[in-house]
Amino acid sequence: SVYVAGRIKPIFKRGLKIQLYLDGKPYEKPQTHSMFALRNIDRGEHQIKMDLLDQKGKVIASSKLITFYMHRISVVKAK
């Protein structure tokens, strides 16, 4: 799992929503808080960003694109 949190300045007004994008595609539905839990992410390079949406769904602010790398542990049994 990967946990993503955003911070909105100067203030997060009521009625606004946040849409998270993972690799250019919306991740789940827009929500009213800026904490997301990404589950079952494939290993490798990924990019995320967030859009702040008004009550009509119009983008009023966007974050920078962030790149992260998912590593998964594998266990090899030696005989």
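In this predicted model, the count of salt bridges comes to one. Its partners are aspartate 51 and lysine 49, whose closest N and O atoms are 3.1 Å apart. Aspartate 51 counts as buried because its relative accessibility is 6%, under the 20% limit. Lysine 49 has a relative accessible area of 24%, so this residue is partly exposed. The charged end of lysine 49 also sits over the ring of tyrosine 21, at 5.7 Å from the ring centre. As for pairs between aromatic rings, the count is zero.

Histidine 46 belongs to strand β5, which covers residues 44-53. With a relative accessible area of 8%, histidine 46 is buried. A polar atom of its side chain lies 2.6 Å from the backbone oxygen of aspartate 42. When neighbours within four places in sequence are left aside, histidine 46 is in contact with Leu22, Asp23, Ile41, Ile66, Thr67, Phe68 and Met70.

In soluble globular proteins, nonpolar side chains tend to be buried together. Here the largest nonpolar core has 15 residues, and the members that touch the most others are Val4, Leu20, Leu22, Leu38 and Ile48. Two or more residues of this core come from each of β1 (2-5), β2 (17-22), β4 (35-38), β5 and β7 (66-70). Apart from neighbours within four places in sequence, the contacts of leucine 22 include Leu38 and Ile48, along with Tyr27, Ile41, Gln47 and Phe68. His46 is also among the contacts of leucine 22.

Technical notes
Residues numbered from 1 in each chain as written. Predicted model: local features only at pLDDT ≥ 70, side-chain atom pairs only at ≥ 80, totals over all residues. Heavy atoms only, no water. Helix = DSSP H or I, 4+ residues; strand = E, 2+ residues; numbered from the N terminus. Buried < 20%, exposed > 50% of the residue type's maximum accessible area, 1.4 Å probe, protein only. Polar contact = N/O pair within 3.5 Å; in protein donor to acceptor, adjacent residues only side chain to side chain. Contact = heavy atoms within 4.5 Å. Core = buried A, V, L, I, M, F, W, Y, C linked by side-chain atoms within 4.5 Å. Phe/Tyr/Trp six-rings, centres within 6.5 Å; stacked < 30°, edge-to-face > 60°. Lys NZ or Arg CZ within 6 Å of the ring centre and 35° of its normal. Salt bridge = Lys/Arg side-chain N within 4 Å of Asp/Glu carboxyl O.
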